[in-house]
Amino acid sequence: MTTSSLSTAHGTLQKPLLGVNIDHVATLRQARGVNYPSPLAAALLCEKAGADGITIHLREDRRHIQDADVYEIAEQLTTRMNLEIAATEEMLKIASEVKPYWVCLVPEKRAELTTEGGLDVAGQLAWLTDYIGKLQAAGIKVSLFIDPDDKQVAAAIECGTDAIELHTGAYAEAGLAGDTGAQQNELARIKAAVATAQRLNNQLLVNAGHGLTRDNVHAIAQIEGIYELNIGHALIADAVFAGLEQAVVMMKDAMYKES
Ligand SMILES: CC(=O)[C@@H](O)[C@H](O)COP(=O)(O)O
Ligand SMILES: NCC(=O)COP(=O)(O)O
């Protein structure tokens, strides 16, 4: 880990922060249509364990996080909520009511399994500039989820965003496919995008996330100038195995307790 520090509007940082994405706690709940496991309880537990913030993605199709989760979690968080939304009028209304610390604007396609690419900021500059302005006027800081691409980084800065989040999905996928060359290329693209952002606006916060796991996170966490990593799917998957033994013991206790 680098020991150099990053001076930001949020103070001086030695290491990237960890924002935990708890969407897939809600995925498990929605799979049965019941009221457990609770994303709120998960958010509070993550904070207790040292998460620096909580990310939730309120998708237009409401496949995991529901509106009620957003309001409930916002009320009880002691760190910062990063609310991921598509840039629509419906989501603007919800965000303006909830007032999360961060809103991260992401692209959405109904049929996708997960967020497939970054926002095309360069292709919708006027709309996004106006949309970001409305969120900021409501007191919310804005981040844009973009591919590690110089054109998109420059466009994001032109829109007046407070932060960007670099999509690490291609880096993660190359690793899963065992294509070390492609993974190194993706890592180089991410490093170049961080450097471009710092050169164009050294007050801009640069986050990264998507598809990060314990196997691939270290190289990303070592990049100087990254403020926060947002990690969800793999962390929730790890939690299953970190907790499974205990869950079996607890179930047997419940079965055999003296009545
Ligand atoms: C925007 C992003 O990269 C993640 O928040 C991701 O969207 C998690 O939610 P899904 O797994 O529903 O895509
Ligand atoms: N923005 C990325 C995020 O919140 C988490 O993505 P993932 O770890 O669930 O792929």
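This is a predicted model: local features need pLDDT of at least 70, side-chain atom pairs count only at pLDDT 80 or more; totals for chains, interfaces and linings use all residues.
**Entry 1: ligand 2**

I found one of its oxygen atoms 2.7 Å from a polar backbone atom of Gly 232. I then checked His 233. A backbone N or O atom of His 233 lies 2.9 Å from an oxygen atom of ligand 2. Next I turned to a nitrogen atom of the ligand. A polar side-chain atom of Glu 165 sits 2.6 Å from a nitrogen atom of ligand 2. On its own, ligand 2 has 300 Å² of accessible area, and the protein covers 92% of that.

Which residues are around ligand 2? I listed them: Asn 21, Thr 55, Glu 84, Phe 145, Glu 165, Gly 209, His 210, Gly 211, Asn 230, Ile 231, Gly 232 and His 233.

**Entry 2: helix α6**

I moved on to helix α6, which runs over residues 150-158. Its buried residues are Gln 152, Val 153, Ala 155 and Ala 156. Why do they sit on the same side of α6? They cover an arc of only 165 degrees around the axis, so they share one side of the helix. I checked the other side too. There, Lys 151 and Glu 158 are exposed.

What do the buried residues of α6 pack against? I noted α5 (125-137), β7 (141-146), β8 (163-167) and α8 (180-200).

At the start of α6, a side-chain oxygen of Asp 149 comes to within 2.9 Å of the backbone nitrogen of Lys 151. Just after α6, Gly 160 has a positive phi of about 85 degrees.

**Entry 3: aromatic pairs**

How many aromatic pairs does the structure hold? I found two. One of them joins Tyr 101 and Trp 102. Their ring centres are 5.8 Å apart, and the planes make 70 degrees. That pair is edge-to-face, because planes over 60 degrees apart count as such. I compared burial within the pair. Tyr 101 is partly exposed at 32% relative accessibility. Trp 102 is buried, at 5%.

I then went to Trp 127 and Tyr 131. Their ring centres are 5.6 Å apart and their planes stand at 45 degrees, so this pair is tilted. I checked where they sit in the sequence. They are four residues apart in helix α5, so about one helical turn separates them. Trp 127 is partly exposed, with 34% relative accessibility. Tyr 131 is buried, at 1%.

**Entry 4: backbone angles**

Most residues other than glycine have a negative phi, and most peptide bonds are trans. Then I looked for exceptions.

I found a cis peptide bond from Tyr 36 to Pro 37, with omega near -5 degrees. Pro 37 lies in the loop between α1 (23-32) and α2 (39-48).

I also noted Arg 62. It is not a glycine, yet its phi is positive, at about 50 degrees. Arg 62 belongs to the loop between β4 (53-57) and α3 (67-76). Is Arg 62 buried or exposed? Its relative accessible area is 16%, so Arg 62 counts as buried, the cut-off being under 20%.

Last, I checked Lys 99. This residue is not a glycine either, and its phi is positive, near 50 degrees. Lys 99 is in the loop between α4 (89-98) and β6 (102-105). At 46% relative accessibility, Lys 99 is partly exposed.

Technical notes: Residues are numbered from 1 along each chain as its sequence is written. Chains are lettered from A and ligands numbered from 1 in the order in which they are written. Side-chain values use heavy atoms; hydrogens and water are left out. Buried means under 20% relative accessible area, exposed over 50%, partly exposed in between (1.4 Å probe, protein chains only). Helices (H or I, at least four residues) and strands (E, at least two) are DSSP runs, numbered from the N terminus. The arc is that of the directions from the helix axis to the C-beta atoms. Contact means heavy atoms within 4.5 Å. A polar contact is a pair of N or O atoms within 3.5 Å; within protein, one must be able to donate a hydrogen and the other to accept it, and residues adjacent in sequence count only if both atoms are side-chain atoms. A residue is near a molecule or strand if one of its heavy atoms lies within 4 Å of it. Accessible areas come from the Shrake-Rupley method with a 1.4 Å probe; for residues, only the protein chains shown count as cover. Rings of Phe, Tyr and Trp (its six-membered ring) pair if their centres lie within 6.5 Å; planes under 30 degrees apart count as stacked, over 60 as edge-to-face and the rest as tilted.
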